[in-house]
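Welcome! Could we walk through a few helices together and ask how they pack?

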Amino acid sequence: MPTMESESSIGSNAEELKSLANGAFKAHKYSQAIDLYSQAIELNNENAVYWANRSFAHTKLEEYGSAIHDATKAIEIDSKYSKGYYRRGAALLAMGKFKEALKDFQQVKRLCPNDPDAAKKLKECEKAVMKLKFEEAIAVPEAERRSIADSIDFHSIEVEPQYSGAKIEEDTVTLEFIKKMIEDFKNQKCLHKRYAFQIVLQTRELLRALPSLVNITIPDGNRFIVCGDVHGQFYDLLHIFELNGLPSEDNPYLFNGDFVDRGSFSLEVILTLFAFKCMCPSAMYLSRGNHESRSMNKIYGFEGEVRSKLNETFVELFAEVFCCLPLAHVLNEKVFVVHGGLFSVDGVKLSDIKAIDRFCEPPEEGLMCEVLWSDPQPNRGRGPSKRGVGLSFGPDVTKRFLLDNNLDLVVRSHEVKDEGYEIEHDGKLITVFSAPNYCDQMGNKGAFIRFEAPELKPNIVTFSAVSHPDVKPMAYAENFLRMFS
């Protein structure tokens, strides 16, 4: 039984660890902060502050499932600790669970009736719930929803004589057009709606014709580039092209999902990627990420950005086209590339992935959900997702999947990494993330992977963020989310 003196020493050590964790948090070193808060919790697991602080660090890493778990633990320890409800409410909001979040912010207001900040956040949460109820009331069931693309005739849209931006001649997207469009985007000029419609509609036709799993053949001596999340960081996308060359038949790219959201130049990113797809389909391959969905775009900025820079019709059109994106790619029958990760059951074959009916919004469970949302873990087996969606899978799961499908390597994205990449699972899995200094605050590098046939040995290239115009990340996101960022 510990003495009073030893208990005092333990408490003092825990507080020291909390102080170190707070410092790491302020320096945006959120993984380090989580480790230090965890050490404090090991010494004293009945301190609600430690749990709530670790919850906040998890939220910063978009680990909303873990954030909810820790905040709930803080509430269990001290039911009158307002920050516990506050942290859980913020994580629920980030997951789009507005009605559950509202209950937590109502409790914060009850505990802190005179706190103006609590009142403000409760009001924003109430507005989000009211908006959700309205949208649910007027929503057309997905089965009855008619294609917005079929109603658009871009040829009938007049281009005003005073328009001086990039123009598509004879309905053909050329490299010259793309270069001019990129220059216009760099100067924060908009592309005319007629040409934006043409690019998105032509991309839709190309994507619809593809299977859910695309096999790519790379001839011997040729190279192939795989990039991870870009998240609307247009100027960093251009830096990738500066480092590695523009996409072409001899210099093909695969962008592995999460092209949009959070970064405030998402429209410029997606139109550039789609334009290269139109110019030369074999120069640009695109995988769906978890952010290519209505629910994410509504919260994290892409929907608001499109509405601001173009119009409501484009909001619907992009949502439709995102449902056409393939879910996975295989390079030379050796390398499996997917945005999120692997599966909750063993025995999944490539044919099962190819058979997924992907033309829908992502479900909350099943193979399609898991390829978009899952993450690797260091421990064997499977565990709950730290995000609250999908699952975590261990090295044995990766090894078994590769053996079952006669593959050598899994490449996935979906997670910010300090160096822009991480090699895990005994070298059988690589995470690649291509948005450096993510959200202008994480301080991470970006990376991409060069493969050269026939060996397909991964050559990882890292790079730092470049400057961009003074438009903050999340500038078009929902108000309530900016309040908690």
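Predicted model: local features only at pLDDT ≥ 70, side-chain atom pairs only at ≥ 80, totals over all residues.

User: How are α5 and α6 oriented to each other?

Analyst: Helices here are DSSP runs of H or I with at least four residues, and strands are runs of E with at least two, numbered from the N terminus. The axes of α5 (residues 82-94) and α6 (residues 98-111) come within 8 Å and cross at roughly 155 degrees. Axes are lines fitted to C-alpha atoms, for helices over the stretch in contact, and angles run from 0 to 180 degrees between N-to-C directions. Angles under 35 degrees count as roughly parallel, over 145 as roughly antiparallel, 65 to 115 as roughly perpendicular and the rest as oblique, and α5 and α6 are therefore roughly antiparallel.

User: Which residues of α6 make the contact with α5?

Analyst: Contact means heavy atoms within 4.5 Å. On the α5 side, the contact is made by S82, Y85, Y86, R88, G89, A90, L92 and L93. Their partners in α6 are F98, E100, A101, D104, F105, Q107, V108 and L111.

User: And α9 with α11: at what angle do their axes cross?

Analyst: A196, I199, V200, Q202, T203, L206 and L207 in α9 meet L271, F274, A275, K277 and C278 in α11. The axes of α9 (residues 193-208) and α11 come within 9 Å, and their crossing angle is roughly 60 degrees.

User: Why is α10 described as largely enclosed?

Analyst: Buried means under 20% relative accessible area, exposed over 50% and partly exposed in between, using a 1.4 Å probe and protein chains only. The buried residues of α10 are F234, Y235, D236, L237, L238, H239, I240, F241 and N244, and their cover includes α8 (175-186), β2 (223-227) and α11. Helix α10 (residues 234-244) is largely enclosed by the rest of the structure because its buried residues number nine of the 11.

User: Within what arc do the buried residues of α13 fall?

Analyst: In α13 (residues 302-309), F302, E303, E305, V306 and K309 are buried. The arc is taken from the directions from the helix axis to the C-beta atoms. These buried residues line one face of the helix, so seen down its axis they fall within an arc of 165 degrees.

Technical notes: Residues numbered from 1 in each chain as written. Heavy atoms only, no water.
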